[in-house]
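Let's take a friendly walk through a protein model together. Have a look at the sequence and the 3D view first, and then read on.

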Amino acid sequence: MTLMSGEQYVESIRKMNMQIYMFGEKIENSVDNPILRPSLNSVKATYDLAQLPEYEDLMTTTSSITGKKINRFTNIHQSTDDLVKKVKMQRLLGQKTASCFQRCVGMDAFNSVYSTTFEIDQSCGTNYFDRFVKYMQYVQENDLTVDGAMTDPKGDRSLPPSKQKDPDLYLRIVERKDDGIVVRGAKAHQTGICNSHEVLVMPTIAMSPEDKDYAVSFSVPVDAEGVLMIIGRQSCDTRKLEGSKIDVGNSEFGGMEALLIFDNVFVPNDRIFLNGETEFAGMMVERFAGYHRQSYGGCKVGVGDVLIGAAALVADYNGANKASHVKDKLIEMTHLNETLYSCGIACSAEGHRTKSGNYIIDLLLANVCKQNVTRFPYEIARLAEDIAGGLMVTAPSEKDLNDPKVGPYIKKYLQGTADVTTEDRLRLLRLIENLTLGTAAVGYRTESMHGAGSPQAQRIMISRQGNINHKKNLAKAIAKIEN
Ligand code: SF4
Ligand code: FE
């Protein structure tokens, strides 16, 4: 089987024996849990869409390892065309789910670990690349969802991993054995972890020789012994327990994050892809971050499309669609959203081949892409709230709407244009609330700020990649300055 159906995917997650904690309880069945199910549905969409002929070109490709048809989320990019299609696929999924569909983190980890292990082997005589290719074959043939794990808790940010008071604040090797290693630590903000089959761990920062035990990359199943996840709260999350489809805004889809704990987890040798080669930790981090900064030029744009559409629709429902300032705000939202997309496409089209043979984005343009993502979705959300009006945060609940005593008042007094029902108007306002302030706001707003690295991380990369000296020389040449 190289392509799973959505249903097969759901059943494959159901069979796993994950240790999941939420609201002070162990969750025995995450698949049918009302808070977690929408996030599973978003990942399921990456399988469902791959089955549809109209999306075959975007959602699937041919494996460079086996020659078989695979889901693009497990692809090792073979060209700039692959990089462009990746962004287009992410925009499509953002449009279809209006949330974070989680599976990109693994795809971005695959491609950074693939090229980095090749270069480690060349320099250190190790055999990580062959191991990783075998692992990728396993992932592709079973159409797995793998979560990429990078962000350590980091403790005191002024200290390197080995100088922290608590040595576990960066994930580390605590024991080396003949047949593998034992690791301890945590990875924070793990998108999609309870909807994944495997986790692929990478270091979180560039390291110096004394951080040897922290320079580690490996994969394990998410139900390996010693792995546990503590689900993060989202704004308005418990609305999902109330059973109201209107009040949640997006009843089918969502995202999830968790604090992922590795409590003395054994990793066998064939799953280790970096083990003490500190000089390559930075390369792995930089490449993963670059790919994931490219990703945001696709996924956030797709969610932005839904938000712009919702704002335009609510203007129709309010009878405000002919106002010139509303038209201008929709133009501004579109301009901002398409600017993000332009960056995603540009860093892909300008990508290049790595020594290993896979393709990587242009790092400067990918960082510019993500830097814009830390700003524009906020402005798009602000304009959507402006057009929506205050009712988006003061509207009564679905239960009141259906109440025999007060429901008729709501229907009468919260009516917009006569041709649209009050219920539809409220549905739309709840969607905008969900995207800007509710559970999806994690993915659309704050994740736009901090996901794939906070703004300052991109500014450091932009300063490194910007080549200011070249620009100085250009100015000197025009001004006829000799030295
Ligand atoms: Fe994919 Fe975007 Fe979610 Fe990252 S934030 S996993 S790129 S959908
Ligand atoms: Fe993310």
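## Some words to start with

Two strands pair if DSSP finds at least two bridges between them. The strands themselves (E, at least two residues) and the helices (H or I, at least four residues) are DSSP runs, numbered from the N terminus. As an example, L200 has S219 in β9 as its bridge partner.

This is a predicted model, in which local features need pLDDT of at least 70 and side-chain atom pairs count only at pLDDT 80 or more, while totals for chains, interfaces and linings use all residues. Residues are numbered from 1 along each chain as its sequence is written, chains are lettered from A and ligands numbered from 1 in the order in which they are written, and side-chain values use heavy atoms, with hydrogens and water left out.

Strands of a sheet pair through backbone hydrogen bonds, either parallel or antiparallel. Here, four strands make an open sheet in the order β5-β8-β9-β12, and their pairing is mixed. At the edges stand β5 and β12 (272-275); each has a single partner strand, so one side of each is left without a neighbour in the sheet. From one strand to the next, the twist averages 20°; for such angles, axes are lines fitted to C-alpha atoms (for helices over the stretch in contact), and the angles run from 0 to 180 degrees between N-to-C directions.

Buried means under 20% relative accessible area, exposed means over 50%, and partly exposed lies in between (1.4 Å probe, protein chains only).

## The sheet of six strands

Another open sheet has six strands, in the order β2-β1-β10-β11-β7-β6, with mixed pairing. Its edges are β2 (25-27) and β6 (172-177), each with a single partner strand, so one side of each is left without a neighbour in the sheet. The twist averages 20° from one strand to the next.

Strand β1 (residues 20-22) pairs with β2 in the antiparallel sense over three bridges, and Y21 stands opposite K26 in β2. Between β1 and β2 is a loop that holds F23. The phi of F23 is near 50°, a positive value in a residue other than glycine. With 42% relative accessibility, F23 counts as partly exposed.

## Around ligand 1

Which residues surround ligand 1? They are C100, F101, Q102, C104, V105, H292, S295, Y296, C299, K300 and E447, where being near the ligand means having a heavy atom within 4 Å of it. Helices α5 (104-124) and α8 (281-318) each supply at least two residues of this shell. The most comes from α8, which gives five residues.

## Helix and loop residues

I13 belongs to helix α1 (residues 6-14). At 2% relative accessibility, I13 is buried. The C-alpha atoms of I13 and N195 are separated by 6.7 Å, although these residues are 182 residues apart along the chain.

A98 lies in the loop between α4 (80-97) and α5. Its phi is near 50°, a positive value in a residue other than glycine. Is A98 buried or exposed? At 6% relative accessibility, A98 counts as buried.

## Cysteines without a bond

A disulfide is a covalent bond between the sulfur atoms of two cysteines. The rule used here asks for a pair of cysteine sulfur atoms within 2.5 Å, and by this rule there are zero disulfides. C236 is in no disulfide, and the nearest cysteine sulfur, that of C100, is 18 Å away. C236 counts as partly exposed, at 30% relative accessibility.

C369 is in no disulfide either; the nearest cysteine sulfur, that of C343, is 5.1 Å away. C369 is buried, with a relative accessible area of 0%.
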